[in-house]
Amino acid sequence: MRACDATHIAFDLDFTLSTYPLTTAQVIAEVFVRCGLDAKAFGSAEDLAPDYDRLWRKLEIGATSADELRRMIWTRLVHGRNLSTTLAAPIARAYGDVRRESGVRFVEGAPEALEALRRRGYRLGLLTNGLSEVQWDKIRVLDLPRRLDAIVVGGDIGCYKPDERAFAALLARLGARPAEVLFVGDSYDADVIGAHNVGMQTAWVSADGADRPGTVIPDYVLASAAEVVEILP
Ligand SMILES: [Mg+2]
């Protein structure tokens, strides 16, 4: 692999630097237990999880809080299964409880990689989509304000990757030109396409080795964000 000449390294957050101890399906399974719900009426947690995640991505831009967003999602999920929509609020509450209790953690090797990059003199940034309260909770738990030089949350600025304006906000905070930045992210559409379109170098984190879903070729493909230290001098 050729060495990267970027002087600024910017990261996506979810499933790039951070992950959850519990998957969506595991949270739903725990919610079923807590709410005494019958998986026969709802379908299995594994079947519900992709619908939940899809609705989260679809509805989050218009939502004002995570609690409201979870209520909107569960209202649709119970309605779509011909169940009483009065179930939605308590399920949404339980879902939020389980997610909060189980927390967030770094992907393996990420904090060590951030420290190593800092020691080598790189300036580090974060650009994450999502609701302000949800993303900032994770950012604080992971102590990212101390570890990074610039943090931009889509919910704070009213636009999400791959929107060019989101990347422009990051560049302004980093004080960098696009070509000086390597952007590292797991979403091909949001991270790779978005960063490529503004002229950044790109590293796609493809943990499962999936085929590239589009024609834009990332400069690097990594199995984990921690591998970024291997492509930088
Ligand atoms: Mg991500």
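Predicted model: local features only at pLDDT ≥ 70, side-chain atom pairs only at ≥ 80, totals over all residues.
Helix H1 comprises 12 residues, 24–35. At 1.5 Å a residue, a helix of this kind should span 16 Å, and the end C-alpha atoms of H1 are 16 Å apart, which agrees with the expectation. The buried residues of H1 are Val-27, Ile-28 and Val-31. Viewed down the helix axis, these buried residues fall within an arc of 95°, so they line one face of H1. The cover over the buried residues of H1 includes helix H3 (45–59) and helix H5 (88–102). Just after H1, Gly-36 adopts a positive phi of about 65°.

Helix H5 is also involved in a crossing with helix H4 (residues 66–79). Two packed helices are described by the angle between their axes and the distance between the axes. For H4 and H5, the axes come within 8 Å and cross at roughly 130°. That angle makes H4 oblique to H5. The crossing is right-handed. On the H4 side, the contact is made by Ala-66, Asp-67, Arg-70, Arg-71, Trp-74, Thr-75 and Val-78. On the H5 side, the contributing residues are Ala-88, Ala-89, Ile-91, Ala-92, Tyr-95 and Gly-96.

The loop between H4 and H5 contains Asn-82. Asn-82 has a positive phi of about 55° although it is not a glycine.

Helix H6 (residues 110–119) has Ala-110, Ala-113 and Leu-114 as its buried residues. These cover an arc of only 100° around the axis, which puts them on the same side of H6. The face turned away from this buried side carries the exposed residues Glu-112, Glu-115 and Arg-119. Among the elements that cover the buried residues of H6 are strand E3, strand E4 (123–128), helix H8 (144–147) and helix H12 (228–231). Just after H6, Gly-121 takes a positive phi of about 95°.

Strand E3 (residues 105–106), part of the cover of H6, contains Arg-105. Arg-105 has 15 C-beta neighbours inside 10 Å and therefore counts as partly exposed. When residues up to four places away in sequence are left out, Arg-105 touches Ser-18, Thr-19 and Pro-21. Arg-105 and Tyr-122 are separated by 17 residues in sequence and by 23 Å in space, C-alpha to C-alpha.

Further backbone features occur in loops. Most residues other than glycine have a negative phi, and most peptide bonds are trans. Phe-15, a residue other than glycine, has a positive phi near 65°. Phe-15 lies in the loop between strand E1 (8–11) and strand E2 (18–19). With 15 C-beta neighbours inside 10 Å, Phe-15 counts as partly exposed. A cis peptide bond joins Lys-161 and Pro-162, with omega about 10°. Pro-162 is located in the loop between helix H9 (154–157) and helix H10 (164–174).

Definitions and conventions:
Residues numbered from 1 in each chain as written. Helix = DSSP H or I, 4+ residues; strand = E, 2+ residues; numbered from the N terminus. Expected span 1.5 Å × (residues − 1). Buried ≥ 20, exposed ≤ 12 C-beta atoms within 10 Å, placed from the backbone. Arc of directions from axis to C-beta. Contact = placed C-beta atoms within 7 Å. Axes fitted to C-alpha atoms, helices over the stretch in contact; angles between N-to-C directions. Parallel < 35°, antiparallel > 145°, perpendicular 65-115°, else oblique. Left-handed = near helix turned anticlockwise from the far one by under 90°.
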